[in-house]
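Please work through each task before reading its solution.

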Amino acid sequence: MIAEKRISLARIEKINADSIDDSLKAGAYNGLKKALTMNPEEMIEKFEKSGLRGRGGAGFPTGLKQKFTRSSCLDCEKYIICNADEGEPGTFKDRVIMERDPHMLIEGMIIAAYVIGASRGFIYIRGEYQRSIEVLQKAIEDSNKNGFLGENVLGSGFNFNLELRLGAGSYLCGEELTLLESLEGKRGYPRIKPPFPAQKGLWESPTLINNVETFSHLPAILNEGLDWYTSLGTEESKGTKIFTITGRVQKPGFYEMEMGCTLRELLFDIAGGMKDGYEFKGALLGGAAGTFVDESFLDIPLAYETLKARGATLGSGAILVLDQETDMPSLLHNLMDFFKHESCGKCVPCRVGTTMLTEMAAKLKNEPELIHKMTKEAHYMAETSLCPLGQSPILPLKSYREYYS
Amino acid sequence: MDKKQVSISIDGKTIKAKEGSNLLQVARDNGINIPGLCYHKKLSPTGACRLCVCKIDGMPGLTMSCTVAVKDGMKVIAFDEEIENNRKHTLDYLLAEHNEEFDGAYRDEMKELVEHYGLDKPENRQFSPIWESLNYPKDDSSPVLSYDATKCIKCFRCIKACEEVQGKNILSFAERGITKYIVAGFGIWSESECDGCGECVQLCPTGAIVEKPHREEIKIEKPDKKVITSCPYCGVGCQIELHVQDGRIMRSTGVEGVSPNDGRLCVKGRFGLDFVHSPERLTTPLIKKNGVFEEATWEEALQLIAEKFTGIKDKYGSKALAGYSSAKVSNEDNYIFQKFIRLAFENNNVDYCTRLCHASTVTAMLKSIGDGAGSNSIEDFETTDCLFVTGNNIIETHPITATYVKRGYQRGQKIIVVDPRWTPLVKYATVWLQPRLGTDVAILNGLMHIIIRENWIDKEFIEKRVDGGMQAFETLKELVANYSPEETERITTVPASKLFEAAKIYANAPTAMIATGMGMSQATVGTNNVFSLLNMCFITGQIGRERCGINPPRGQNNVQGATDVGASPVNYPGYIPVGNDENRRRMAKLWNVDYEKLDPKPGLSTVEIMQAVHHGDVKALYIMGENPVVTDPNQNHTIEALENIDFLVVQDIFHTETTKYAHVILPASSFAEKNGTVVNSDRRVLRLRKAVELPGLAREDWRIILDIATHMGVNLGEYSVSEEIFKEIAEAVPIMHGISYERIEKHGIQWPCPEKDHPGTPTLFLEKFNTPNGKAKLFPVEHIEQKERASAEFPLIMNSGRLLFQYHSATMSRKNDTLNAFANESYVLINPEDADRYDIKEGEMVHIESARGSLKTKARIVDEVAPGELFMPWHFSEAPVNALTRDELDPMSKIAPFKYSAVNINKVL
């Protein structure tokens with residue numbers, strides 16, 4: 001029977017998150033020590049070869065992003081940002097890492113900073129994550145005291161300062177360009193792209209932005225080596241992924257799995273199957289900005305390429321399990337209302353479109369054919385909107401139309 | 001460095017453009033009118049309206065053209081069925097959240113697009129309106145504009161107008177998503193910092209933000225005409241477009257793409273022009289009979305004036321006559337006025353209010369560098385690395401110049417403010433030096449002491465471009481040696497550390513400019529103040545290069561021009577001294593008169609004229625567009641003089657505090673009723689154009705002067721239109737030789753412009769200074785304690801100045817309800833310590849008294865003034881600050897100390 005495979009969460013059962021000594025005993029910062037003996041180019045090559053892709057949802061190759069940011073300019077100021085504004089409904093994987101093994105994240109960030117040549121980093125964290133904030137704050141202090149952060153990291157001559165920045169409840173601020181605006185102290189509106197953060201990010205400097213989970217893979221790749229890491233997962237989806245399961249299953253929660261496991265394995269072997277009296281009807285993969293799937297997906301490997309081939313997405317790893325009692329039109333209405341509520345209103349298609357979609361979704365129960373009009377509008381929005389928020393409603397709508405109408 | 005020229009294609013049309021330029025702008029510049037509502041060429045691209053979609057070869061899907069930088073070989077499709085359908089869809093969306101009500105009072109860019117796409121017909125729309133259910137608010141609280149969120153398309157143009165263009169940053173969105181709307185400050189427009197400049201009105205593409213004045217009357221489609229002219233207020237010279245309807249000015253809009261203002265205006269230029277149509281305008285000549293003004297015909301008035309002027313000249317000699325010209329009238333008016341004084345009065349007794357503002361600045365600059373005008377262009381206020389602002393409340397007195405400064409600040413410009421009083425610019429200042437009043441020379445000598453001690457001087461500049469080179473420098477060095485930081489701190493109260501910081505920034509900036517103002521010039525040591533400033537400029541080499549120099553922004557729309565064209569007791573038009581025989585011959589030849597007719601002796605200056613009236617030496621005075629009762633120092637003395645004068649003619653557009661004492665009042669023309677030219681603060685010769693008819697029997701100023709001359713039997717020349725006068729000015733004034741109406745039809749030209757093909761001169765002194773040997777001259781000066789001092793009887797020092805919302809003696813500005821709604825009340829600023837000491841509470845009426853006179857006003861308790869010092873705006877004649885000031889003059893420039901009067905203050909019981 002399949003079992004969890006833990007990289008990001010490897011130490012969580014073994015340590016007290018508030019104790020750096022615990023973490024050190026369990027191997028924290030060994031990857032950093034190794035990194036400091038290597039040259040950055042060599043490491044970028046390693047991360048490229050590892051096949052690690054962004055775990056925030058977009059799945060962009062991590063090594064390539066590092067390479068772009070590093071090569072933007074050699075001696076200018078650069079920044080590292082950790083996107084810890086975990087806001088996708090049903091997603092709580094980053095929170096687990098931050099609350100239970102903060103040094104895993106910090107170590108990953110220091111390695112990335114060393115790789116691209118940044119001397120300052122920020123963790124932009126969801127303001128509601130009170131416990132994560134406390135744990136990280138202490139961990140940063142401890143890491144500083146132990147010489148992993150600050151001036152002359154472990155005597156290497158490399159300087160890196162890390163600070164926490166709190167979000168204030170906006171889903172959109174998890175979008176990386178909006179996050180930059182917010183971090184600069186401005187209102188959270190998405191920026192025009194290009195330039196990309198690798199060219200001009202925070203305060204117009206090259207900036208590397210990665211998700212918490214992504215950073216937390218870097219130490220292991222250095223510690224355990226490429227062969228080990230690339231042996232995990234599928235052809236195009238290496239390593240592991242944390243899935244957060246909600247819905248009427250026996251054991252909802254977070255599970256770190258090797259990429260390529262199937263939904264059936266995950267839900268029935270790992271999460272204990274459906275609660276008594278409930279039947280699996282399908283799932284919403286990847287949160288509000290995700291896709292609906294039905295029973296036909298149960299045996300498809302959960303990997304970027306296999307899901308993409310079927311028009312679905314892995315997204316943040318959130319899995320909302322649907323059953324025979326799930327009120328599908330209400331669920332869709334809820335999702336649309338979420339987008340409407342979170343739309344910043346900067347661009348017309350998203351501002352007006354999310355409002356219209358919500359209005360239509362409210363009538364969906366009685367007028368199921370509205371789904372076609374909704375999909376059409378969402379398609380226009382995806383083509384015309386400024387940022388990923390307005391481009392997202394098409395994902396759940398199109399898949400809903402396909403499997404649930 | 002100039003960007004590379006590249007070639008792109010849009011819809012198959014090949015277009016040349018600069019690499020990296022904005023695709024939408026390039027398309028529009030080439031006649032391809034891609035729609036778009038959030039884009040404006042003055043603003044950074046926003047990408048909000050999503051109407052400028054296009055397709056670009058090699059880029060997936062649709063792209064917003066406003067967010068694309070042009071690259072060589074780029075192939076763009078701007079119009080095809082898919083794109084147009086997409087645009088139509090977006091507009092349809094916008095319509096759903098939009099109240100389409102339209103009252104015709106503004107241009108509605110959205111409405112134009114809606115009609116273009118046929119969406120004005122309901123059958124072509126897909127979506128029903130949702131805006132009514134969104135409970136959008138309205139904000140009608142501002143005196144000058146109203147905001148209606150139901151008509152707002154949330155395009156960001158107003159927010160960016162306020163932030164990026166005007167540097168004010170007052171507007172933002174409240175709420176989020178579909179319910180968001182614009183707010184000023186914390187939510188109520190009238191309680192925000194909004195000062196009513198109306199930039200947001202100008203850039204709003206719909207009817208969301210619209211000006212209030214004339215909202216009911218104005219029909220944007222049907223003006224009688226639109227006239228571009230120069231703003232009548234301060235010396236920035238903003239170009240305004242007047243919307244004239246039924247013979248009245250309904251609206252004033254900034255002219256985009258034209259210097260000096262590139263469309264920007266302040267509250268006065270946009271909302272302060274109602275005075276033109278005020279029922280209080282003078283519309284007929286008035287003759288005082290038995291103490292009462294009676295309406296008269298022009299013929300009666302002109303005959304009486306001619307008779308009196310000639311009679312007094314015959315009886316007492318030509319020295320018994322004098323005239324005040326005006327900074328508020330055109331070059332043509334001023335030129336004819338000074339010609340009148342020199343040929344009809346046969347003396348040089350002509351001066352005007354420049355004597356009261358920048359005479360000392362001009363005197364010092366003429367002696368040191370040979371030109372009294374600003375050395376830089378207004379644009380340089382944005383691009384210079386360091387701006388040293390001394391005695392100049394630039395945000396209130398030159399609001400549009402200040403927009404350039406604020407934009408410079410956003411780019412990282414270092415700003416040093418020297419002012420005894422807090423001014424709004426302090427918010428932007430890297431360092432603020434707050435010396436006590438009257439210690440400017442000391443603080444500047446102190447700064448030079450540090451600059452020399454730290455060896456931040458520019459030796460090469462001193463050797464090559466300063467008269468006497470290092471030897472002359474040694475004399476200065478010796479003098480400033482006594483102004484150690486400690487000694488300077490003792491005199492000025494400015495901490496030594498701040499002096500060091502300011503000196504370091506100014507001296508070491510790659511480029512640095514100075515803006516000096518009334519705080520420096522209106523002093524008995526005004527000339528010395530400016531000498532000292534120039535000395536600092538020379539030893540650091542911060543002049544004679546682009547974006548370096550010294551600038552005295554001018555307070556009125558034609559202060560610069562009036563002196564340029566000869567309204568001066570010492571100079572003929574073009575700064576040609578009257579005392580020189582050759583110059584007299586040249587002028588006599590040009591004017592076709594015997595050269596003996598031209599008086600070789602310099603005439604009396606403004607305050608000297610009033611003193612001569614008081615002594616009885618001047619018996620007749622001809623005042624054009626000035627109000628000396630309010631503007632001259634020592635008001636009681638001025639009133640005494642005018643009460644006893646034999647004959648006073650005042651030519652103005654309104655009754656003023658001065659017309660009361662006139663024997664004849666002549667109704668003249670406002671800026672809007674005449675053709676002509678003015679010269680602004682950066683030496684730009686700009687057009688005035690007639691927009692409306694003269695009220696009643698009022699006449700253009702130059703025509704009145706010619707009429708008086710004719711009645712006196714003096715021929716000043718034949719002119720039928722103002723352009724003919726300007727041709728003569730161009731002949732007389734070497735620095736304007738190359739300028740003609742034709743050349744300044746669209747854009748002004750900065751003098752010197754000696755030839756017809758000369759482009760004008762944005763920066764002065766690049767090659768040499770305008771002194772006889774081409775070098776700058778150092779004038780080391782010592783700090784002198786004021787004669788007037790705080791005493792037991794008069795323990796406080798009164799400073800005075802201007803406000804954004806009113807203007808000088810308020811003859812024009814206070815005739816506008818809009819401006820009065822912002823500020824219409826006199827007050828005195830008093831430090832909390834002093835308020836305690838004299839037991840004065842906020843808002844209480846106080847009695848203020850000097851050795852010369854007294855007034856009553858309201859107290860405002862703020863720490864914007866230092867203990868021991870007070871400040872009053874001088875616009876309000878019911879509390880005339882000049883009742884307190886004295887007419888002791890700066891010996892070199894004859895300017896009076898308007899900003900230093902010892903007074904006492906008592907609560908009115």
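**Domains and conventions**

Chain B is divided into domain 1 (5-79), domain 2 (286-357 + 558-750), domain 3 (361-551) and domain 4 (796-907), with bounds that come from an automatic or database domain assignment. This is a predicted model, in which local features need pLDDT of at least 70 and side-chain atom pairs count only at pLDDT 80 or more, while totals for chains, interfaces and linings use all residues. Residues are numbered from 1 along each chain as its sequence is written, chains are lettered from A and ligands numbered from 1 in the order in which they are written, and side-chain values use heavy atoms, with hydrogens and water left out.

**Exercise 1. Describe the interface of chain A and chain B.**

Step 1. Contact (heavy atoms within 4.5 Å) involves 30 residues from chain A and 31 residues from chain B.

Step 2. The buried area is about 2500 Å², of which carbon and sulfur atoms give 56%; this quantity is the accessible area (1.4 Å probe) that two parts lose on being put together, summed over both.

Step 3. Between the two chains there are 18 residue pairs in polar contact, both at pLDDT 80 or more. A polar contact is a pair of N or O atoms within 3.5 Å; within protein, one must be able to donate a hydrogen and the other to accept it, and residues adjacent in sequence count only if both atoms are side-chain atoms.

Step 4. On the side of chain A that touches chain B, helix H14 (328-342), helix H15 (348-363) and helix H16 (370-384) of chain A are the elements that give two or more residues. Helices (H or I, at least four residues) and strands (E, at least two) are DSSP runs, numbered from the N terminus. The largest share, 8 residues, comes from H15(A).

**Exercise 2. Which residue of chain A forms a salt bridge with Arg176(B)?**

Step 1. The count between chain A and chain B is 2 salt bridges, each defined as a side-chain nitrogen of Lys or Arg within 4 Å of a carboxyl oxygen of Asp or Glu.

Step 2. The partner of Arg176(B) is Glu342(A), and the closest N and O atoms are 3.2 Å apart.

Step 3. Arg176(B) counts as partly exposed at 27% relative accessibility, whereas Glu342(A), at 8%, counts as buried. Buried means under 20% relative accessible area, exposed over 50%, and partly exposed in between (1.4 Å probe, protein chains only).

**Exercise 3. Characterise the contact of domain 2 and domain 4 of chain B.**

Step 1. The centres of domain 2 and domain 4 of chain B, taken over C-alpha atoms, are separated by 30 Å. Their contact takes 22 residues from domain 2 and 21 residues from domain 4.

Step 2. About 1800 Å² is buried between these domains of chain B, and carbon and sulfur atoms give 58% of that area.

Step 3. The two domains are joined by 1 salt bridge, and Glu608(B) forms a salt bridge with Lys894(B) at 3.5 Å between the closest N and O atoms. Polar contacts between the domains number 11 residue pairs, both at pLDDT 80 or more.

**Exercise 4. Is Val494(B) buried or exposed, and what does Val494(B) touch?**

Step 1. Val494(B) is placed in the loop between helix H17 (485-492) and helix H18 (496-508) of chain B.

Step 2. Because its relative accessibility is 1%, Val494(B) counts as buried.

Step 3. Leaving out residues up to four places away in sequence, Val494(B) touches Leu433(B), Gln434(B), Pro435(B), Ile443(B), Glu489(B) and Leu499(B). Val494(B) and Ile443(B) are 51 residues apart in sequence and 8.2 Å apart in space, C-alpha to C-alpha.
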